[in-house]
Structure formats: C-alpha cells, structure tokens
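Take a look at the model below, and then we'll walk through a few of its parts.

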Amino acid sequence: MTRALAIAFGVALTASVAAAQPTQAPAGAPMKTDEVTRLENNASVGDAVSADDEREARVVFLQGNDDLNNGLFLQAVDKYNEALVHWDHPAIHYNLALALINLERPLEVYDHLIKAIAYGLGPLDKDKYDHAKEYLRLVQGQLADVEVSCDEPGAKVAVDGEDVFIAPGKYTAKVRVGKHTILADKPGYNARIIAPFVGPGESFRIALKLYTTEELTHYRRRWDKAWLPYGVIGAGALFGFIGGGLELSAHSSFKDYDATVARCNQGNTTPNGGCSVTALGLQGMRDSGNIKRTAGLVMYGVAGGAIAAGAVLAYINRREAYQIRAEDLAEQRVSVTPMVAPGMAGALVQGHF
C-alpha cells in the first residue's frame, strides 16, 4: 500500500518539493493567536526563529530537496530532520513525509503530515496543503489504533518490542495494520500477548491483568473417573481378604480332619486297625480343606494381580499439571501465550474492536 501511495503521487512529488519552501516568516507567523495557543505542544512552530537558524534550515532543506529529487530518500530524511532542528516548519514536515512514503514508513509519514497541515494554509500553499490531506487520507488506510492499559504497579509494558509505559498507565498510538505483540513484564510476572489482525482504521483495546502461576496452573487426568484405579486396588484387597478367609477355613478343615483321625486311633482296640474314612467323614473333611486351600491361593493370585493393575492404572491416571492461557479465562478474541517465570506468570486480556 505504501509503495502504491508513492507511485500514485510520484508525478506530484518533484513539483511539490520545489514549491514547498519555507517562507521568510516563522512557521507560526501566519497563525492567529488563539490557534497558536491551542498548539502548546508545538510551541516552537509559533515562536520566532533566529536568522542563523532560518539560514541553516534553508541550506539543509535545499540539500534534502536535491536528495529527494535524485531518489536518495534516506539522505533526504536525514537532511530534513536536521533542518527541523533549526526550524520546525510545516513545509519541512511535508517534504520529509514525501521521502518517508518512498521508504514505506507510514507511521512517520502520518506524524509529519499531521504537523504539515497543523497550521492550515498559512505555511503551505493550497496545492501542497491539499496534497498533504490526500496523502494523509491514503496513509490512514495502512494504520490502526491500539490502546493498551495495565493496572499492575511496576509492570513494564512494551508494544512490538518498544517500552511504552510502566504500569499503572495507558498507552494509545497508531500502529501499522497487522498483528502486534504486547509484552507485560515485572519481576515474578511475565506475559506476552499476540493481538489478532488489526485492520485499516480499526481500534484495538486491551487491558492486561497479571496472574499467578497457581492461577494459570490446572490439572488433568487421563480419565475423568479418578476413583477407578483405586476401585481396582480395593477389589484386589477384597479378593485378598477372601483368600485369607478361605485359607483359615482350609486350615480349620485340616485341623478337624487330624483331630478326628487321632480320636479314631485312640478308640481302636485293634492294632493298626485304622479308621473308616467313609464312616467318619474324613474324606469330606480332607476334600473340603483342599478345595478351600486351592480357592484361597487363587484368590491371593487374583488379589495380587488386581492390586498391581490398580497401581499401574493409578500411575497412568496420576494428576498432571499444565499451563492454561489467560485467553482461556478471558474468552476474548486474542491469543495469549504465558511465559512462565519463577513464582508467577500470565495475563488476562480483554480486547474488542
């Protein structure tokens, strides 16, 4: 867009340079008193300029014009800036804007065009004044407005890598169309915000609030049913208790079997006569003991397997910490990437167009 702007007015550029000469009077001379009063931030424009400063500004200004006409835009910018040191004149701002257009620096173009037309038609002729307003209209199509605020005391806020203020405070500026990075930094805090695409003429407002790491730390498990692994472990323990009960019962059955055999032998008058297994129920006692002992061992095996499986499941389903984005809390149209520092991190972003 900037290059298109330069091409669109390329024919007018050469003629504009030659004609946009500072007048003999100071830049503020054509202005009314009340108009100068309203421009207190540009008081130098309304003040008288010494003869030496005026002469030096003219010399450097003409050198800048030669560089501009020869396509030496960087050199022209340097010359015009040097001229402005001696004489803050709208005509110099105008020609400086022309040079910056060709360098694709729309933010600076905008600033200098605003200063070029700040005093109306007095310092510039109507042709140049109208051109400046047209250039300004076109360059505004490449710019947007951004407003950043932060209430966290001591937080240093930067926009696109340039420090703009230390909170609490607010920063409002023109920016190029596109995405922009906003960084809020404070010992113990650190948050970077990547704003969405800001289009031509749009305004993007953003309020930063720093969060602690704990506030941005959430936990998750592989399964929502956190009790499941412990339920498996509990079932394993239950099988173990059942196995223990069966083992005790089997021991009791074998004890009864031994006691019955002992009594039978004591009451038997025939040496080595033995006892009737069937008549005394000895076979049933022994079989019952064997079955319960086998079942108990099986229960022990099931219990061990269940407890081991539950332990594995509990490990797999352990709680894991992860960092959420402040964007997830704010649910706004911005992308927030917390940069975690020891102790605290994050940002709440509230933005709208």
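How many residues does helix α6 have, and how far does it reach from its first C-alpha to its last? This is a predicted model, and in it α6 (residues 73-86) has 14 residues and spans 20 Å, close to the 20 Å expected at 1.5 Å a residue.

Now look at which way its side chains go. A76, V77, Y80, A83 and L84 are buried. Viewed down the axis of α6, the buried residues fall within an arc of 125 degrees, so they line one face of the helix. Over on the other side, L74, D78 and V85 are exposed.

## Into the core

Y80 turns up again in the largest nonpolar core, which has 32 residues. Along with I92, Y94, V109 and L113, Y80 touches the most other members. Helices α5, α6, α7, α8 and α9 each supply at least two residues of this core, and α7 gives the largest share, with nine. There's also a second, separate core of 17 residues, with A144, V148, V157 and I206 among them.

## Rings that pair up

The model has two aromatic pairs. In one, F61 and Y80 have ring centres 5.7 Å apart and planes at 50 degrees, so the pair is tilted. F61 sits in α5 and Y80 in α6, so this pair ties together parts 19 residues apart in sequence.

The other pair, Y94 and Y135, is stacked, at 6.2 Å centre to centre with 25 degrees between the planes. Y94 belongs to α7 and Y135 to α9, 41 residues apart.

Conventions. Residues numbered from 1 in each chain as written. Predicted model: local features only at pLDDT ≥ 70, side-chain atom pairs only at ≥ 80, totals over all residues. Heavy atoms only, no water. Helix = DSSP H or I, 4+ residues; strand = E, 2+ residues; numbered from the N terminus. Expected span 1.5 Å × (residues − 1). Buried < 20%, exposed > 50% of the residue type's maximum accessible area, 1.4 Å probe, protein only. Arc of directions from axis to C-beta. Core = buried A, V, L, I, M, F, W, Y, C linked by side-chain atoms within 4.5 Å. Phe/Tyr/Trp six-rings, centres within 6.5 Å; stacked < 30°, edge-to-face > 60°.
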